[in-house]
Amino acid sequence: MNTFAINPARCDRAPGCRVKKECPANAVIQLDGNYYIDLNTCRGCGLCVKACPKGAVEESSF
Ligand code: SF4
């Protein structure tokens, strides 16, 4: 299964985060100004990788 995470070093923390808008599972949460992917909610579709203009979403396979 692949997991997805937002790299804080690349994320620009834009208020209109496209990753948050485009995630069909509403798995992107914002906490103290930082964005995270809730792995319990994520469906693993991978749409967020292309949605982020900063390339901040990273995919890992285990
Ligand atoms: S992989 Fe799909 S469900 Fe998971 S955070 Fe990305 S867009 Fe949302």
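Me: How much space lies in the largest cavity?
Reply: About 90 Å³ of space lies in the largest cavity. A cavity is found on a 1 Å grid over the protein atoms alone, as a set of points where a 1.4 Å probe fits but cannot get out. Grid points are joined across faces, edges and corners, and a volume is the space filled by probe spheres set on the points.

Me: Which residues are the closest to its centre?
Reply: C23, P24, C42, C45 and C48 are the closest, out of 14 residues that line the largest cavity. Lining residues have an atom within 4 Å of a point.

Me: Before I go on, what sort of model is this?
Reply: It is a predicted model, in which local features need pLDDT of at least 70 and side-chain atom pairs count only at pLDDT 80 or more, while totals for chains, interfaces and linings use all residues. Residues are numbered from 1 along each chain as its sequence is written, and side-chain values use heavy atoms, with hydrogens and water left out.

Me: OK, back to the hole. How many cavities of 30 Å³ or more does a search of the whole structure find?
Reply: The search finds 1.

Me: And what is the lining made of: how many nonpolar, polar and charged?
Reply: The lining of the largest cavity has 11 nonpolar residues, 2 polar and 1 charged. Here Ala, Val, Leu, Ile, Met, Phe, Trp, Tyr, Cys and Pro count as nonpolar, Asp, Glu, Lys and Arg as charged, and the others, Gly among them, as polar.

Me: Where does the ligand sit?
Reply: The ligand sits in the largest cavity. To sit there, more than half of a molecule's atoms must lie within 2 Å of the cavity's grid points.

Me: Which residues surround the ligand?
Reply: F4, C23, P24, A25, I37, C42, R43, G44, C45, G46 and C48 surround the ligand. A residue counts as near a molecule if one of its heavy atoms lies within 4 Å of it. This shell divides into 8 nonpolar, 2 polar and 1 charged.

Me: R43 is on that list. Where is it in the chain, and is it buried or exposed?
Reply: R43 lies in the loop between β3 and α2. R43 is exposed because its relative accessible area is 59%. The cut-offs are under 20% for buried, over 50% for exposed, and partly exposed in between, with a 1.4 Å probe and protein chains only.

Me: Switching topic. How many helices and strands are there?
Reply: The protein has 2 helices and 4 strands. Along the sequence the pattern reads β-α-β-β-α-β. Helices (H or I, at least four residues) and strands (E, at least two) are DSSP runs, numbered from the N terminus.

Me: Which residues other than glycine have a positive phi?
Reply: N26 is one of them, with phi near 55°, and D32 is another, with phi near 50°. N26 is in the loop between α1 (18-22) and β2 (28-31), while D32 is in the loop between β2 and β3 (34-37). N26 counts as exposed because its relative accessibility is 56%. D32 is exposed too, at 79%.

Definitions and conventions
On a 1 Å grid over the protein atoms alone, a cavity is a set of points where a 1.4 Å probe fits but cannot get out, and a pocket is an open set with protein on both sides within 12 Å along at least five of seven lines; lining residues have an atom within 4 Å of a point.
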